Amino acid sequence: MTVIGKPLPRIEDPPLLTGQGRFLADLQVPGMLHMRVVRAPVALGRLGEIDTVDAAAMPGVVAVWTAADIATLPPVDFRMTRIAGLEAYRQPLLARDFVRYVGEPVALVFADGAHAAEDAAEAVFCDIDEMAPRLDPADGPGAFPTTDEPLSGEPATVTKAYGDLDAAFAGAHAVIEVEARVGRHSGVPLETRGALAVPGEGETLVLHGAAKVPHYNRDAIARMLGRDPATIQLSEGHVGGGFGIRGELYPEDVLVCAAALRLGRPVKWVEDRREHLMAANHARDQRYRLRAAVDGDGFLRGLEAEFITDQGAYIRTHGGTVTDLSAAMLPGPYLIPAYRATGHIRLTNKTPAGTYRAPGRFESTFARERLMDAIARRLGHDPLAVRRRNLIPAASMPHDRGIDALGTPLVYDSGDYADLLDRAEAHFDLGGLRAEAAARRAAGEAVGVGVALFVEKSGLGPRDVVHLRVLDDGTVEAVTGVASIGQGVETVLAQIAAEELDLPITGIRVVHGQTARIGYGMGAFASRVTVMAGTAMQIAARTLRDRALAVAAEMLQSPPEALCLGGGTVIRPDSGATVSLAQIAAHAGDGLFSEGVFDADHMNYPYGVHIARVRVDRATCGVTVERYAVAYDVGRAVNPMLVEGQIVGAAAQGIGGALMEEFVYSPDGQPLAASLADYLMPSAAEMPAVEVLIREDAPSPQNPLGVKGAGEGGLTAAGAAIAAAIDDALARPGLVRALPVSPDRLHRWLQADRSRGDVPMRRCAPKTI
Amino acid sequence: MKCAAFDYHRPADTAEMLARLAEHGPEARVLAGGQSLVPAMNFRLLRPAVLLDANALPGLDRVQADGDRLRIGALVRHAAFHLPVADGPLGRLLARTVPYIAHYPIRQRGTFGGSLAHADPAAEWCLIAVLLDAEVEMHSQRGVRSVPADGFFRASFTTDAAPDELLTEVRLPLLGNDWHVGFYEFARRAGDYALAMAGAALQIGRDGRITAARLALGSVAGRPLRLTTLEAGLRGELPGPDLLREVAAGAGALVEVSDDIHASAAYRRDLCGVVLERALRQALQSLPQDAAA
Ligand SMILES: Cc1cc2nc3c(=O)[nH]c(=O)nc-3n(C[C@H](O)[C@H](O)[C@H](O)COP(=O)(O)OP(=O)(O)OC[C@H]3O[C@@H](n4cnc5c(N)ncnc54)[C@H](O)[C@@H]3O)c2cc1C
C-alpha cells in the first residue's frame, strides 16, 4: 500500500469547514471571569503608584492585580538557547519598577464580562515617570535601566567562526561589502492568542488554549507557580495559526493560571488584535554588515559578518535563538573556507522579539544573497554563475560546517544544490522569464527577475514519542506530544501509520496537544513534527503490526509470516479466515498497543530556490509581484498537497515581509502599526499564484522515512529574491538594501540616487501608463 | 476592543430621528453602515452614549435624477454605484471610483452619506463631492439647509454639520456628454485607503478645446482639495498628453501635503502629480481619438 506520497485531503478539515471548529474564544465555562490586561502607554519610564481603587469599585469587577499581588512569581524563563548573562533581561509577569515598551502588562482586571473588564481597565491609573526610550540598536550597546546601576543594553554576543579569515582577506582578489537590513515584522495568525484556566478538584488546573509546546509550558507553569506538574493539564483545541510566535509561554498564560487558582474561578483571556500587534512576539529586525573575500574567479575565500538583532525590551522564551540561528545559517549553500559571524543581541524599548517562521534564515538569507549579487556585479559575472561556482558539491555531503546551530553540530545531511538549481531553472523556464523581462524593459516597463538560494533546517530533536492503541471499534488511536497549529499534523501522521498498517487514514485518530494523554512531547516548531513524530509513528506502527500479527497467529492457528494485514483485518490466505483488529485487541487481554520513540541529535537540512518576477511602477514606486516560484527539496513529501500548502502560505508571509509588513515606531516609541489597517499583510489581491516544484532527490539519511521539514522554506528566500528582482527591474544593482521595500522607501532610494547624480534625471512619470 | 456601553434607538421616521438628535446632541451618533463608526467604537476612539440607527428611516436609500442634478439619499450603499446610476459621465465617474472604496463586503454596508459625514480625508466620495461641487442637505428640528461641499468639509474628520443634524441627501450635477471624467488613486493594497487620489472632469467644446475643468486631490491633506489654479490654466487649451503632464507636474507644489507612516511628505508630493496625470489621462480616453491631440 502506498499512502505516503499521496496528496490526500486532510482529515482535520471536516469540522473546520462545517463550522464545528472550537477555538479558544469559543469556549465558555460557567462562572468564568474575564481578564483584561492594562498595558503600558509609554515606551520607557519609572513605574510609580498604580491606582486601582476606582477600577476595583466598578460593576462586575472581582479583582485588580499589579506586580505587588504576584510578587513571588518569577519572570518567564528561557525555553531555548539559554546564554549566560541573559537572565537579568527576562520579562516579569507584570511590570516592576519600570515599563519598557508600549504594551507591557502592568495590571490585570478580572471581571464578570469582557466589556466590564475593559471598562475597568480604563480606570486603572499608572503613575509613570517617562524616560527617553532607546529605539535604534545601532546607536551602540546602550543601557537597560534597573533600580541599581543600569545593565548593558547588549547582554550577549554570539560568535561562530572557523578557518583562517585573516589569510583569506590577505590573499583576496577583491573584498566586497554589503549592508542589509530586515525590518521588524512577525507572524500574525488569524486567531489571536488566548487562554482559559479552569480550576478543578483538589487544586488541579486545566489550561485551554495551549499551542506549539504544551508539555514544556505545563512544566514551566508548574515551576513558576511552585506546583507539581501532575496537577496541571494543558489542552490544545483548534488553533488558527502559529508561525512560531503563538504557543510560546507568555506572561498572560501564567497569569490566567495564577488567577484561576487564587480566585477559585475559571479565568479567560482573549487577546484582541491591537494587543496582539504589540504584545505577541515581534521578530526579524536585524541589520547586517557582510564582507567577503573572493578570488579572481569569483570563489568565496572568506566571509565576515557582523549583525545586530533588535531584541526589543526583554528576552523571552527563545533566549538567543534567533541570533544563534542567524550566525549558524548565514553561510547557506555555499562553500566558505573561512568564516566568522558576530551577532549582537541588543535591547530596545519595543515589543520583545522571538522566533517567527524561518527565524534567522529569512534575515541571513537576505543578507547573504544580496552579497552574492554584489559579488557578481563587482566581478562582472552573471549572478547565477557566481552562485553555481560556490555551491557545496553533492560529493561533499554530508558537509560539516564546523559550527553548531541550536546546540547541535551543523552538518548538512544531504543535498545536491546545483542539481536543484538546474531543475528550477528548467522547470520555471528561468531563461524565458529573464528574456521576457528584458524585452519588456526595452519597451519601457520596469520588470525584473530575481533568484535566491537557501538552506533550511528542520527536525530538531531530541525525541518524540507516539502511542498507538486499537480501540474497541477497530479505530487506531495515535497519541503524540506534538501540537497542531493548523499545518495538517493529523493527516500526515495518519498517512504514515496507514502506510504501515494498511488502513485508510480515516481509520486512524491522531490525538495531539493533550498533556493528560501522554507524558512526553516536544511540540510543533522548527519544522520538526513530520521528521520526529512521523518517524516515531512509523516505529510505533511497525511494532503494532507485528503485535497484531503475533496475536492473530494464535487466533488463526498460523505462523505470523503467513498472515496478511490489510483494511483493518488480518487474513489467513490459505483458508480465507479473518480476524479484525478490534477482535485481535479484544483477544490480546490487555489490548493492542505499541509505542514508538525516535531520538535525533542532529537536525536535517532541506534546501531550495526562490524565483520572483516583479513589476515596478516607477511613478508610484509600487511593486507588484507578477510571478513567484519555489523549488524545494524536502527529502520526502509525505503529502505533497500539504507541502505545497506550506510553501504557498509561507511565500505569502515572505512577500509580506519583503514588501509590506513592518512594525513602525514613532520617535517616542509609540507603535504606529497597531492595527491591520497599518500593519499591512498581503491579501489575495496582492498575491500571485505561487508555483511550486517539490523535489525528493536528497532524502535525509537521518531518519528511515528520509523526510525533512517543509514548514519554512517557502518563506526563507523571499526577501532576497524580491530584492534582486526589483534591482533588475530598475536596472539598479544593489539598490535594495533594506526590507520591506515600501513605495515610500523605494522613492527615497531613487531620489537619493538622482540627487547623487548616479542615474540620469528621469521624469517621475513614465511614458506609458 | 470591546466598545463602551451605549443606548440604542432605531427611529422609524425622520421626525423621530431629529427629535432624538435634538435631545442627545453631541452625546449621540447616527449609525449608518457602521463601517467607520463601529471600528472606532471598538477601539474606544469614539464612545457615544446613544446610537441612533438610521437604517429604518424611509426614503433615504434612493438615487434619482432630478433636472440637472442627481439626488443621492444618505443611506445609499457604496455598492449601488458599481453599475452606473445615471447615463453619461457622472454615472461613469461614480462607477470608476467605487471599486477603490474598501472591499466588497464593506461596500455592501457603507453608505454615501456616512462617508461624507465621516469626512475621512482619504474617502473617495468626499473627493468626488468636492470635485463636482456637491450640495449636502442636512435636516434638524431647526430646519433644512444645503451646504456646498467646499464649505461642508472643514478639516480631517470635521464637517459643518451640527451634532443635531442628519445628513439626508447629496446632490451632484448630471454632467453633459461634453464632459470627460477620470479617477485614479494609489494605495498599498487593494481596498486600502489611498496614499493619494485624484479626480478630473474636463468639458471639451466643439473646437476640441477645454471649456471647463475640475481637478481635485484627495488623501493628501486634511480635506479634499480643488486645484483651481490648474483648472484655470487648462481652460481654452487643446488637451493632449504633454499638456496634461505639465499641468499635473505642478500639482504637488500647490499642496501642503500631510505625511504618515506610509508616505512621507516628499513622496506624497510626487504622488500628487502622478495620480492627477493618470486621472486626466483616463478622462481623455473617452474623447474621440482624433480629438486628443
Ligand atoms: C477595512 C475598511 C476599509 C475601508 N476603506 C475605505 C476606503 O478605501 N475609502 C473610503 O472612503 N472608505 C473606506 N472605509 C470606510 C467605509 O467606506 C465607510 O462605509 C464609510 O466611511 C462610512 O460610512 P458608513 O455608512 O459605514 O457610516 P458609519 O460608520 O455608520 O458612520 C460614520 C460617521 O458618520 C456619521 N453619520 C453616518 N451617516 C450619517 C448621517 N446620515 N447623518 C449624520 N451623520 C451620519 C456617523 O455618526 C459616524 O460619525 C473602509 C472601512 C473599512 C472597515
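## Contact between the two chains

The contact takes 26 residues from chain B and 38 residues from chain A, where contact means heavy atoms within 4.5 Å. The model is predicted: local features need pLDDT of at least 70, side-chain atom pairs count only at pLDDT 80 or more, and totals for chains, interfaces and linings use all residues. Residues are numbered from 1 along each chain as its sequence is written, chains are lettered from A and ligands numbered from 1 in the order in which they are written, and side-chain values use heavy atoms, with hydrogens and water left out.

About 2,700 Å² is buried between chain B and chain A, and carbon and sulfur atoms give 58% of this area. Buried area is the accessible area (1.4 Å probe) that two parts lose on being put together, summed over both. Of the area that chain B buries against chain A, 25% is supplied by B:Arg188, B:Arg189 and B:Ile261, more than by any other three residues.

## Surroundings of the ligand

There are 29 residues around the ligand, and those that come nearest are B:Val30, B:Gly34, B:Leu37, B:Thr111 and B:Glu124. A residue is near a molecule or strand if one of its heavy atoms lies within 4 Å of it. By class, this shell has 14 nonpolar, 11 polar and four charged residues. In this scheme, Ala, Val, Leu, Ile, Met, Phe, Trp, Tyr, Cys and Pro count as nonpolar, Asp, Glu, Lys and Arg as charged, and the others, Gly among them, as polar.

A polar backbone atom of B:Gly34 is 2.7 Å from an oxygen atom of the ligand, and a backbone N or O atom of B:Ala102 lies 3.2 Å from an oxygen atom of the ligand. For B:Leu167, a backbone N or O atom lies 2.9 Å from a nitrogen atom of the ligand. The protein covers 89% of the 960 Å² of accessible area that the ligand has on its own; accessible areas come from the Shrake-Rupley method with a 1.4 Å probe. Strand 2 (28-31), helix 5 (112-118) and strand 10 (166-173) of chain B each give two or more residues to the shell. Helix 5 of chain B gives the largest share, four residues. Helices (H or I, at least four residues) and strands (E, at least two) are DSSP runs, numbered from the N terminus.

In chain B, four strands form an open antiparallel sheet in the order 11-12-13-14. Two strands pair if DSSP finds at least two bridges between them. The edge strands, strand 11 (179-186) and strand 14 (225-226) of chain B, each pair on one side only. Two bridges join strand 13 (residues 210-218) to strand 14 of chain B, and B:Leu217 has B:Leu225 as its bridge partner.

In chain A, three strands form an open antiparallel sheet in the order 4-2-6. Strand 4 (98-99) and strand 6 (125-130) of chain A each have a single partner strand, so one side of each is left without a neighbour in the sheet. Two bridges join strand 2 (residues 45-51) to strand 4 of chain A, where A:Arg46 stands opposite A:Phe98.

## Backbone features of chain A

Most residues other than glycine have a negative phi, and most peptide bonds are trans. A:Asp97, in the loop between strand 3 (61-66) and strand 4 of chain A, has a positive phi near 65°.

A cis peptide bond with omega of about -5° joins A:Met397 and A:Pro398.

Terms used:
Polar contact = N/O pair within 3.5 Å; in protein donor to acceptor, adjacent residues only side chain to side chain.
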